[in-house]
Amino acid sequence: MVDWITLAVPFAYLSILIGSLATFSSLYRKRKALKATSLEPWFPPHLQRDIYFSLMHLDPPPTPTSKGDKKPPAVPESVLKAALLRRAGEDIRRIMALRSQKQALSMLLQRGSVGDDLWQRFLRAEKEMEEEVRDVVAEANAYVPNWGQTIFQSANEMINNAVVRERIEKHQKKLDEEKAWWEKKKASIQEGFMKELDAETGSSTTTTTTTTTTTTTTTAPVASTAAAVVSESAASIKKVEASAPPASTVTESDDDAVLVEADDQAAAAAAAAQKSPAAGGSSSSKKKKKGKK
Amino acid sequence: MAQTIDLFNQYPLTLDPASKAISLTPSSSTYTSAQLSSITSELTTLNALHRSLISLEPPNIPPPPLPINPKRSAQINKLRDSANTAYRKNNHQEAVRLYTYAIEMALTRPGWEPVAVAREELAGLYANRAQAWMSQQGWVEGMVDARASVEGKPVGNVKAWWRGGKCLVEMGRWEEAKSFLNRGVEIEGKTSEGVKELLQLLEEVEEGVKRST
């Protein structure tokens, strides 16, 4: 006869053991999975990939068209190819990012500067990218045989070309700004020339007027003020002479520049010549005022 | 892991049946403005790419980067040659115009063609246009073009470095000229040919810096 009670004891033991192990393992796995999914993804959502899949799943279209039961066309293959190419481009960018980050991150991990979480996230991103690349190659081969071998090359060139264009574009965009600056600078330079020429012509007239005032007037204080004015104008002439040489050496450095600046000078001189009567008048009137004192 | 690869965010996209252009369904207002702008910009590039793909012969995929389609290169070379002759005949405005066409053509080279070729071509064209601008006193334009040129091809592009420096000198921007030329000399290396002229200009610039301070 079988002793059921004594036989039940080992069976109960075994069932409890196995049951507890099973619950532990399932709980552990669940928790681990939860932890893995709760980790933040390394990259932001893959927009190009999402668009590609959205296009693939486009029919039936989500928008109810007013055309009734006429079925809109499915997405043409060329659009899907373009979307796939964009997706490959973004993949390359991500792979590059991962590659450049890997070394630094592993170093930081070894030193204990970053937590294990970060490393887990990184590894997961790497694995995902591997899958992603395989998927893209498979899709490409499905459209056109052997496209999978070149799609990433093409995508890579496209990225680099875009980068180069963007940089060159950046330089060209500054053109207007620089032009405006240069116009302003040119105007100020011209103004400076005018002023110098004005000062030159003006000072020569003042010297003549002062000589006349000194000859006509005989009172001492007036003579002294006139002398002061003379010394002042002499100083201004000296200033003109002092500021002139660098300009001339600059012009010597280049033939074209000589032409331009000679033109400028001629124009300025003409303008100054037109202006000079007024300048001379104003300075002489000033002189008179001083003389009255 | 295997599940995440199968997941994706669905976007409400619509296809214009006539032009085959993809656009976001206007009724979707669940996205933030930043998201919206990134999606629309992505879709515009996608549509542009699609148009360029359609213009290819079937099977409508970008050919492998090498060999290059010689048609565009030939056209660009032709434009450049005519621009060069115009420049030699002292017809600088015409030269600038032709170089601009050539640059436009080089810029619109399809993206999947090798980047090295595009860089080389653009660098040469920009350097030449800089020269053409300089001979009609377009210092600003010359400087911008020289900068673009060295951006495209920094090494072995002494001419562009020199032209950029010269333009800056002409505008009296001594400090900028100095740093630009120094960078040029650094990148070109002291031993390569043509660097002598750069150094000469640099000396001139240093005198200018001294004078201006």
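**Note on the A–B interface and the salt bridges**

Across the interface of chain B and chain A, 6 residue pairs are in polar contact, both partners at pLDDT 80 or more. A polar contact is a pair of N or O atoms within 3.5 Å; within protein, one must be able to donate a hydrogen and the other to accept it, and residues adjacent in sequence count only if both atoms are side-chain atoms.

1. **Ground rules.** This is a predicted model, in which local features need pLDDT of at least 70 and side-chain atom pairs count only at pLDDT 80 or more, while totals for chains, interfaces and linings use all residues. Residues are numbered from 1 along each chain as its sequence is written, chains are lettered from A and ligands numbered from 1 in the order in which they are written, and side-chain values use heavy atoms, with hydrogens and water left out.

2. **Who supplies the surface.** On chain B, helix 1 (2-6), strand 1 (13-15), helix 2 (33-54), helix 4 (92-107), helix 5 (115-134), helix 6 (139-152), helix 7 (158-170) and helix 9 (195-212) each give at least two residues to the side that touches chain A. Helix 2 of chain B gives the largest share, 10 residues. Helices (H or I, at least four residues) and strands (E, at least two) are DSSP runs, numbered from the N terminus. By class, this side of chain B has 36 nonpolar, 12 polar and 16 charged residues. Ala, Val, Leu, Ile, Met, Phe, Trp, Tyr, Cys and Pro count as nonpolar, Asp, Glu, Lys and Arg as charged, and the others, Gly among them, as polar.

3. **Extent of the interface.** How many residues of chain B are in contact with chain A? There are 64, and they meet 57 residues of chain A. Contact means heavy atoms within 4.5 Å. The two chains bury about 5500 Å² between them, 67% of it on carbon and sulfur atoms. Buried area is the accessible area (1.4 Å probe) that two parts lose on being put together, summed over both.

4. **Charge pairs across the interface.** Side chains of opposite charge can pair when their charged atoms come close. Chain B and chain A have 4 salt bridges between them. A salt bridge is a side-chain nitrogen of Lys or Arg within 4 Å of a carboxyl oxygen of Asp or Glu. One joins Arg86(A) to Glu42(B), at 2.9 Å, N to O.

5. **A histidine in helix 2.** His50(B) is found in helix 2 of chain B. Is His50(B) buried or exposed? His50(B) is buried, with a relative accessible area of 3%. The classes are buried (under 20% relative accessible area), exposed (over 50%) and partly exposed in between, with a 1.4 Å probe and protein chains only. Leaving out residues up to four places away in sequence, His50(B) touches Ser78(A), Val79(A), Ala82(A) and Lys20(B).

6. **Chain B overall.** Chain B has 9 helices and 2 strands. Along the sequence the pattern is α-β-β-α-α-α-α-α-α-α-α. Of its 213 residues, 45% are buried. Among contacts in chain B with a separation of 6 or more, 54% join residues 24 or more positions apart.

7. **Ala132(B).** This residue lies in helix 5 of chain B. Ala132(B) is buried, at 0% relative accessible area. Not counting residues up to four places away in sequence, Ala132(B) touches Tyr87(B), His92(B), Ala95(B), Val96(B) and Tyr99(B).

8. The structure holds 16 salt bridges over all chains. Glu132(A) and Arg49(A) form one of them, at 2.9 Å, N to O. Glu132(A) lies in helix 4 (residues 116-143) and Arg49(A) in helix 2 (residues 47-56) of chain A, so the pair ties together parts 83 residues apart in sequence. Glu132(A) is buried at 3% relative accessibility. Arg49(A) is buried too, at 8%. Arg49(A), Arg87(A), Glu132(A) and Asp135(A) are linked in a network of salt bridges.

9. **Two further bridges.** Glu126(A) and Lys102(A) meet in a salt bridge at 3.1 Å, N to O. Glu126(A) is in helix 4 and Lys102(A) in helix 3 (residues 77-111) of chain A, 24 residues apart. Lys102(A) is partly exposed, at 35%. Arg134(A) bridges to Glu130(A), with the closest N and O atoms 3.9 Å apart. These two are 4 residues apart in helix 4 of chain A, about one helical turn. Arg134(A) is exposed at 54%, and Glu130(A) is partly exposed at 47%.
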